[in-house]
Structure formats: structure tokens, C-alpha cells
Amino acid sequence: MLANYYPPYNATVVQKLLNEGAIMMGKTNMDEFAMGSGTVDSIYGPTKSPWRSGLRYKLWHRNKHRHQASSIMEKEQFSTFTDKDWFIAGGSSGGSAVAVAVGSCFAALGSDTGGSTRNPAARCGIVGLKPTYGLLSRYGLIPLVNSLDVPGILTKTVDDASLLLNVLAGHDPKDSTTVLDPFCPVKISEEPNISGVHVAMPEEYYCPGMSSEVVETWKEIADLLERGGAKVTNVSMPHTQYSISCYSVLNCCEVASNFARYDGIEYGHRATNESSTESLYAATRHEGFNEVVRGRILAGNYFLLKRNYDKYFQKALKVRRLISNDFLGVFEKGVNVILTPVTLTDSPPYSLWKLKDSRQQSSIEDYCTQPANMAGVPAVSFPCKLSSQQLPISLQLMAPCFHEQTLLTVAKWIEQRLDFPLLDLEV
């Protein structure tokens, strides 16, 4: 739909980076209109994970808390795939995650509506930050779900993520959803202290299909935090199980509304069928959108029908409030951060991924990440270790709104102790 569209202005987050002297290298691949969790539904083709891709790379330790060492991962050490199969890079911002992971850029931007920054960051072994809703301007971000969309930050380290956050955060008069309160820059100590930090582990995030390695990693990090002086408790967030169903309705409803602008008249793709206005609209949207996008538009218009509005849309809004209240209830008990998995397993190969359609995959991939968007709270995913398949396993932290300082402090403390290896491609 927008293959030949060149925006006449910069997004606010892009312009802020340019104002600080950053060099913008280009745009990265993603699922079409950010609808997907694997970066396989793109007009430009899929983005593939660099891990176990057949490429030769080194894994470098970078932390003074551990012995400085490096190891070389030979491509023959593990089975590699043909051009027809590869490990999923995550999505929808998979291109940004891969660009950072392989060292093509210092950092990258993405969007996070239900986990589209944290998911690919987890798959690719980097840091993915979803700031508080309203902290970063959405001006220039093509809207998917206005009430959930947040510009995301992808970097190799927590310090790098905080650096970009400090540049990008703040009120934007061009975006009425940005908060008016002045932003206090995040400053993380070189030796962060988590003594007394209250960490919660919600039992509802342990769900069917979660691999034993992810569960083990979750417990290991909880134990690590407890040994470091944090208080770790189990909590209940009972409406988590309804979050995906709620998201599926709200997402489609807002997509149906937002995507009405793509009619082939003002900008973007225009079909050649001009026998009537209706024919032009129909042909343009059929040619310009893939099946995933068309499916969500169709579902959204169904949910918004007069006879269905109260049954689906209004009810979903009420459930969203209950999900948000779960977070408020936990934080009101003195919890500083919530620790959960990001994905249920390490990266699956494409041959297994394609056995389910996009809707089914999103319901699985977004289970742990999507509730943070419902509540608008900040969240950060960080790599923890390599699985038995030598693929990254990550966890995420969530904090109260506008508590990015605490969120990133705890994340950095964990990062220093784990020393997840940096991937360095051999060119």
C-alpha cells in the first residue's frame, strides 16, 4: 500500500535523534503494518534470525563481573538450515532487532502495540524497551492501535536504551497523547543497587506451552535477584488470561478505523479499476493489503456493527480496565517491578512457525507481552542465556507508569550478572 510513499516530514522520534547528531541509516523490514510476530508477512520477504543461520560469528563476553573471554561458534557445530528454513527473528519489528544484533547499527526504533519491540529483541538476544504510553511522541508513527501504540527502542545494552530514552522522551505539541509533565532523565549508576527492591512474579504468566527452559530461566533470575537483596514474591493477576481475547477485539476495531484512510485517493497505492468510486476503493485495498491486514479490517468492522458494538467493543474496553486494575493492585502493594517471560519458547524454525496462521501465532507470542500495553506501563526485555539449541532466552520487567528509572536500574543489575554474549559476525 505504501511501497512508493515518501513521507514529507520526519517522525518526532526521528527528528529528535537527528537534532542530537545521530545518523539515520535507513528503514528496516517488518511485518506489514506491524501485524505479526515473526517478520514473515512483509512485502519484502522475511527477516531471518542471525542465530544459527549458517553465518560464522563470535560470542564475546563484555562484562567486568565475569572473566573476559570469547568463543567462536562454528557454523558446523550445529545443524544449519537451507534457504527454505531458518529461525524466526520475532516481530513485528524484526528487521530493527536483527540490525542491532549483528552490529549494523548502534540502535534501532520499532513500534510496540502488543510486544512488537520486546518480542524480536528477545528472539535476537538484545534489549527491547517499551516506554510508558505517552512518554514518547507517536507523531509520524503509522497508527495501528492508537490507544496501545508506543515507539520502541532496541539496543545491545540497557545503558544504550536509557541513552536513547533520554533523547526521545518528552512532550510533543504535535501529539496530544504525550504527557505534559517534564521528563526527568534516567541516570543509572555504574554499580546499581537493588537492595530492598520488591519484585513480583505473577502466577498467571506461567501458561500452557511454556518450555521448561523458559520456566527454569524465570526461576533462576528470581533467585539471582533474591540473593542480590531484592524481595521476590508471587502475586496473582487474574485477568491476564483474558488479555489476548480483549486485545484481538480492540486491535481489529482500531485497525478498521485507522485503515479507512487507505483508499487510493490521497496517497499510497491506487488501483487501475476506476469504473466507480466503490470499485476503486475495493480494488485498491485488495491489492494494497495482504491477507492478514484485510482479515483484521474485516473483523474490526464486524465488531463495530451496531448490533455487535456493545457485545464486543464495549465489553473489551471493560476487560481492558480490569487488566489495568490488576497492575495497579500489584503496584499499590509496594511492588517495584514485575518479572515475567517474554516468549514461551526460544525461536522456532520457520517450518514449524508456518503451521499456524498469523492470528494463532500472535495469540501465542503476545501472551506475556501484550498486557503491558493494555495497562500502558513500561516494560523492558533483556537476554538471559542461550537455550540448549544455542538460541537466546529472554525475560522482561514491567514497572509502574513513568518508573523507567527503577525498571532500567534493575535490568542493568541483571545484565551485569548474566553477561549475555554479544554476537559478532565474521565478515
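This is a predicted model: local features need pLDDT of at least 70, side-chain atom pairs count only at pLDDT 80 or more; totals for chains, interfaces and linings use all residues.

Visitor: How many bridges join strand E6 to E7?
Guide: Strands are DSSP E runs of at least two residues, helices H or I runs of at least four, both numbered from the N terminus. Two strands pair if DSSP finds at least two bridges between them. E6 covers residues 198–202 and runs parallel to E7, and the bridges joining them number five.

Visitor: Which strands stand at the edges of the sheet?
Guide: The open sheet has eight strands with mixed pairing, ordered E3-E5-E4-E9-E10-E8-E6-E7. An edge strand has a single partner, so one side is left without a neighbour in the sheet. Those strands are E3 (107–112) and E7 (231–235).

Visitor: Are H6 and H8 roughly parallel or roughly perpendicular?
Guide: Axes are lines fitted to C-alpha atoms, for helices over the stretch in contact, with angles from 0 to 180 degrees between N-to-C directions. Under 35 degrees counts as roughly parallel, over 145 as roughly antiparallel, 65 to 115 as roughly perpendicular and the rest as oblique. The axes of H6 (residues 243–258) and H8 (residues 291–303) come within 7 Å and cross at roughly 100 degrees. That is why H6 and H8 are roughly perpendicular.

Methods: Residues are numbered from 1 along each chain as its sequence is written. Side-chain values use heavy atoms; hydrogens and water are left out.
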